[in-house]
Amino acid sequence: MDDKKRATKKQRGKAKKRVACGVLAAACASLLPFPAMAQRSPEFAYPAEKWAALRDDKLEFDEIGDLIHEYNNTVLQNHISYQDERGDSRDDIAQDYYDTADDIYGNIQYPDSDDSEYGSRMASALRSKIQAEQLMEQGDENTEDSETKKLGYDQTEASLVKQAQEQMINYWSQYYELDSLRQRKAQAETSYQSEQVRLSAGMSTQAKVLSAREAVSSAEAALLSGESNLGKIKEDLCLMLGWGYGADVEVGVLPEPDLARIEAIDVDADISSALANSYSMKLTEKRLANARTETVKSTLEQTKKSQREAISNDVRNAYNSLILARSQYSQAVQAFELEQASMDSAARKLQAGTITPNAYQAQEASYQIAETTVRTQQLALLTAMVDYQWAVDGLASAS
């Protein structure tokens, strides 16, 4: 190995030590309370008002992208790694493979034919030789450089933002589910009390009372499980966005679905945008530009062609899902409005004494079901909007 190669390896060794220290610092920072956690950008990157909003203990949906960028541990570690990789060319990375192969070649020792362990030692030497040859081949076929590394890190960050947005929607979905679970528990308790009264009057049996009591226990267990699940969803989301374990975070409300924006979508134009924005396509194009062998070039050309088709299909499928979700949400809103009118009418009739309390309660239950359906469909529509927008913004499936 010449002096230039030794110097290169020495510099890379120092760089790796810097990366290790940086990762350790980031890991330690993640154990600190949220306001003290290391951030990615300098103070002048945002106005003081925006920093204050990001550092308070209230999570807003439109803050998720900035919180991931500044505080997510994976994003921070990738940023540190990129500082070491910045400026690395295709040839620099290929040289790492060649240097490692040279080291392996230099350490291969072939045994003498009369060596008592000739078979095992020769097998070991041949394995090392094959490994070195594979590394040399990887160097020849390398298409990575600092730009592909950066694209990969950017893709990871975008995926994390999308994941966090969906997790926040999931949090509210579980939160609303608790309302239904509480109602079921209250209904079970009412039925249990009714059966006890009926038993006292000789109109029920002990078996029916026991069954009603079991229904109460089942409803209580479901509610406890739901509350535990909600807590876990919130904890995971907060950790993902930089808060520490047990942080007292208020989860803000979700935005209303923008129906006008959905109506204005030009799916063909968005497919063109998705192809231009696709992280996977950009990576393939950059790797194709870096390719040196015809075999690798041919493979990447075919990959690019397949990706174009897959991305186009994924965006169109996401659009169809979005339109379906919008239709189901609109239908749920219409049904809720009818139930609301019926509820108002039932309240007036109850006050006038023209319907029984049982009939009023039946209408109230129907109203609550319609209200829950609207919430459910609203969250499904928001999820479909997130999926579609991220497909257009670079995360459409390319496979």
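Trainee: What should I know before reading the values?

Mentor: This is a predicted model, where local features need pLDDT of at least 70 and side-chain atom pairs count only at pLDDT 80 or more, while totals for chains, interfaces and linings use all residues. Residues are numbered from 1 along each chain as its sequence is written, and side-chain values use heavy atoms, with hydrogens and water left out.

Trainee: Start with one residue. Where does Val-249 lie?

Mentor: Helices are DSSP runs of H or I with at least four residues, strands are runs of E with at least two, and both are numbered from the N terminus. Val-249 sits in the loop between α8 (206-240) and β2 (250-251).

Trainee: Is Val-249 buried or exposed?

Mentor: Buried means under 20% relative accessible area, exposed means over 50%, and partly exposed is in between (1.4 Å probe, protein chains only). Val-249 has a relative accessible area of 2%, so it is buried.

Trainee: Which residues is Val-249 in contact with, leaving aside its neighbours within four places in sequence?

Mentor: Contact means heavy atoms within 4.5 Å. On that basis, and with those neighbours left aside, Val-249 touches Asp-57, Leu-59, Lys-234, Cys-238 and Trp-243. Take Asp-57: 192 residues separate it from Val-249 in sequence, yet the C-alpha to C-alpha distance is 4.8 Å.

Trainee: Now rings. How many aromatic pairs does the structure hold?

Mentor: Rings of Phe, Tyr and Trp (its six-membered ring) pair if their centres lie within 6.5 Å; planes under 30 degrees apart are stacked, over 60 edge-to-face, and the rest tilted. The structure holds eight such pairs. One of them joins Trp-172 and Tyr-176, tilted, at 5.8 Å centre to centre with 35° between the planes.

Trainee: Why are Trp-172 and Tyr-176 separated by about one helical turn?

Mentor: Because they are four residues apart in helix α7 (residues 146-200). Trp-172 is buried at 11% relative accessible area. Tyr-176 is partly exposed at 23%.

Trainee: What about a pair between two helices?

Mentor: Look at Phe-336 and Tyr-367, a tilted pair with 5.3 Å between centres and 35° between planes. This pair links distant parts of the chain, 31 residues apart: Phe-336 is in helix α12 (residues 294-352) and Tyr-367 in helix α13 (residues 357-395). Both residues are buried.

Trainee: Which residues form one aromatic cluster with Trp-172 and Tyr-176?

Mentor: Tyr-171 and Tyr-175 belong to that cluster with them.

Trainee: How do I read a charge over a ring?

Mentor: The test is NZ of Lys or CZ of Arg within 6 Å of the ring centre and within 35 degrees of the ring normal. Arg-213 lies over the face of Tyr-192, 5.7 Å from the ring centre. Likewise, the charged end of Lys-282 sits over the ring of Tyr-279, at 5.9 Å from its centre.

Trainee: And salt bridges?

Mentor: Side chains of opposite charge can pair when their charged atoms come close. The cut-off is a side-chain nitrogen of Lys or Arg within 4 Å of a carboxyl oxygen of Asp or Glu. The structure holds 26 salt bridges. Among them is Lys-50 with Asp-66, the closest N and O atoms being 2.8 Å apart. That pair links helix α2 (residues 48-55), holding Lys-50, to helix α3 (residues 64-71), holding Asp-66, 16 residues apart. Lys-50 is partly exposed, at 31% relative accessibility.

Trainee: What do Asp-91 and Arg-292 tie together?

Mentor: Their side chains meet in a salt bridge, 3.1 Å from N to O. Asp-91 lies in helix α5 (residues 90-107) and Arg-292 in the loop between α11 (279-290) and α12, so the pair ties together parts 201 residues apart in sequence. Asp-91 is partly exposed at 38%, and Arg-292 is partly exposed at 34%.

Trainee: Give me a case inside one helix.

Mentor: Glu-189 and Lys-185 form a salt bridge at 2.8 Å, N to O. They are four residues apart in helix α7, so about one helical turn separates them.

Trainee: Which residues are linked in a network of salt bridges?

Mentor: Lys-58, Glu-60 and Glu-250 are.

Trainee: Last, pockets. Which residues lie nearest the centre of the second largest pocket?

Mentor: Rolling a probe the size of a water molecule over the atoms shows where empty space is left. On a 1 Å grid over the protein atoms alone, using a 1.4 Å probe, a pocket is an open set of points with protein on both sides within 12 Å along at least five of seven lines; lining residues have an atom within 4 Å of a point. The second largest pocket has 22 lining residues, with Phe-61, Arg-261, Met-385, Val-386 and Gln-389 nearest its centre. Helix α13 gives the most to this lining, with eight residues.
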